[in-house]
Amino acid sequence: MKTALITGTTSGFGRAFAFRLAQLGYNLIITGRRADRLNALTQELKHKFPIDILSLCFDVRDKDACNQAISSIPTFFENIDILVNNAGLAAGALPFAESELTDFEQMIDTNVKGLLYITKLIVPRMIERKSGHIINISSIAGIEVYPNGSVYCASKHAVNAITKGLRLDLVKYGIKVSSISPGMVETEFSIVRYHGDEEKAKAVYSGLIPLNAEDIADTLEFIVTRPAHVSINDIQINPTQQANTYVAHRVN
Ligand code: NDP
Ligand code: 8X3
């Protein structure tokens, strides 16, 4: 059986990815900071699927915690076939001058540095086996820049550069490197972005039907089920009512 490591499985895309990859028969390494949710997810997955699950609770911003978590992986799970770098967030949606520096730091530390810490630990294992697939969760924000989103957009532009660079460096080992770049998907993303303000979060999707986490799991499934000779570089996926980051057809 193959093994997949997914970061950020306590909510949203990551949780949906865990169910989808379990359904496809992967043993799972699930991660996140909220231990209660990780434990509940482990139980749910075990109940539904005949797979093995390892749960690792840590903050991807903490380099030592990443080292510790990855080096604690037992032999049984050590051959990681798929790495999904999903943990991430937007923090704040204000003009640059009014934004909090701590929000900027949280986005860069999670979306960019956290992704690098995990990838740096897993890539050597993939190189050794000359096999593997890295899927980075980027965003339409990695392709376009929108007002009040400069640093989130910068973090996802960085993810795209890292994805392209990894692809160049890993092609000789037969390792696939893909990304998924969604537009609006209703998860806990906007609640987190607006620091818990559920009303503001809901307004993001007013008058349109956003994507949901299952739509992104469908995209992941397509990417990981291609034949060995096919590598999907990036899939950019939006709600039908969203043309780009700032043009949406809202019907109220
Ligand atoms: P959610 O807020 O629902 O989920 C985010 C996940 O990331 C949670 O499981 C959270 O777990 C984890 N996470 C956040 N910070 C950390 C951290 N420091 N250490 C470890 N885990 C962390 O959002 P989504 O599912 O929507 O977002 C997933 C990814 O998709 C993100 O990278 C986001 O940027 C991207 N994305 C989202 C879009 C959207 O519209 N929803 C569109 C395009 C891209 P915990 O809090 O337990 O640590
Ligand atoms: C999340 C999508 O449009 O809020 O990455 O940046 S958007």
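Modeller: Happy to; what follows starts with the ligands and then turns to a few single residues.

This is a predicted model, in which local features need pLDDT of at least 70 and side-chain atom pairs count only at pLDDT 80 or more, while totals for chains, interfaces and linings use all residues. Residues are numbered from 1 along each chain as its sequence is written, chains are lettered from A and ligands numbered from 1 in the order in which they are written, and side-chain values use heavy atoms, with hydrogens and water left out.

Let us begin with ligand 2. Its surroundings are Ser139, Ile140, Ala141, Tyr146, Tyr152, Gly183, Phe189 and Arg193; a residue is near a molecule if one of its heavy atoms lies within 4 Å of it. By class, that shell has five nonpolar, two polar and one charged residues. Here Ala, Val, Leu, Ile, Met, Phe, Trp, Tyr, Cys and Pro count as nonpolar, Asp, Glu, Lys and Arg as charged, and the others, Gly among them, as polar.

Now the polar contacts, meaning pairs of N or O atoms within 3.5 Å; within protein, one must be able to donate a hydrogen and the other to accept it, and residues adjacent in sequence count only if both atoms are side-chain atoms. The side chain of Ser139 has an N or O atom 2.5 Å from an oxygen atom of ligand 2. Tyr146 places a polar side-chain atom 2.6 Å from an oxygen atom of this ligand, and for Tyr152 the distance from a polar side-chain atom to an oxygen atom of ligand 2 is 2.5 Å. Of the 240 Å² of accessible area that ligand 2 has on its own, the protein covers 85%. Such areas come from the Shrake-Rupley method with a 1.4 Å probe; for residues, only the protein chains shown count as cover.

Tyr152 leads us on to ligand 1. This ligand is surrounded by 30 residues, the closest being Thr10, Ser11, Arg33, Tyr152 and Thr187. The classes in its shell are eleven nonpolar, 13 polar and six charged residues. An oxygen atom of ligand 1 is 2.6 Å from a side-chain N or O atom of Arg33. For Lys156, the distance between a side-chain N or O atom and an oxygen atom of ligand 1 is 3.0 Å, and for Thr187 it is 2.6 Å. Taken alone, ligand 1 exposes 880 Å², and the protein buries 96% of that. Helix 1 (12-23), helix 5 (150-170) and helix 6 are the elements that give two or more residues to this shell; helices (H or I, at least four residues) and strands (E, at least two) are DSSP runs, numbered from the N terminus.

Helix 6 spans residues 189-193 and includes Ser190. This serine is buried at 3% relative accessible area, where buried means under 20%, exposed over 50% and partly exposed in between (1.4 Å probe, protein chains only). Its side chain makes a polar contact of 2.7 Å with that of Tyr205. Leaving out residues up to four places away in sequence, Ser190 touches Ala201, Val204 and Tyr205, with contact meaning heavy atoms within 4.5 Å.

One last stop is Asp81, in the loop between helix 3 (63-71) and strand 4 (82-85). Asp81 is buried too, with a relative accessible area of 11%. The side chain of Asp81 reaches the backbone nitrogen of Thr3 at 2.8 Å.
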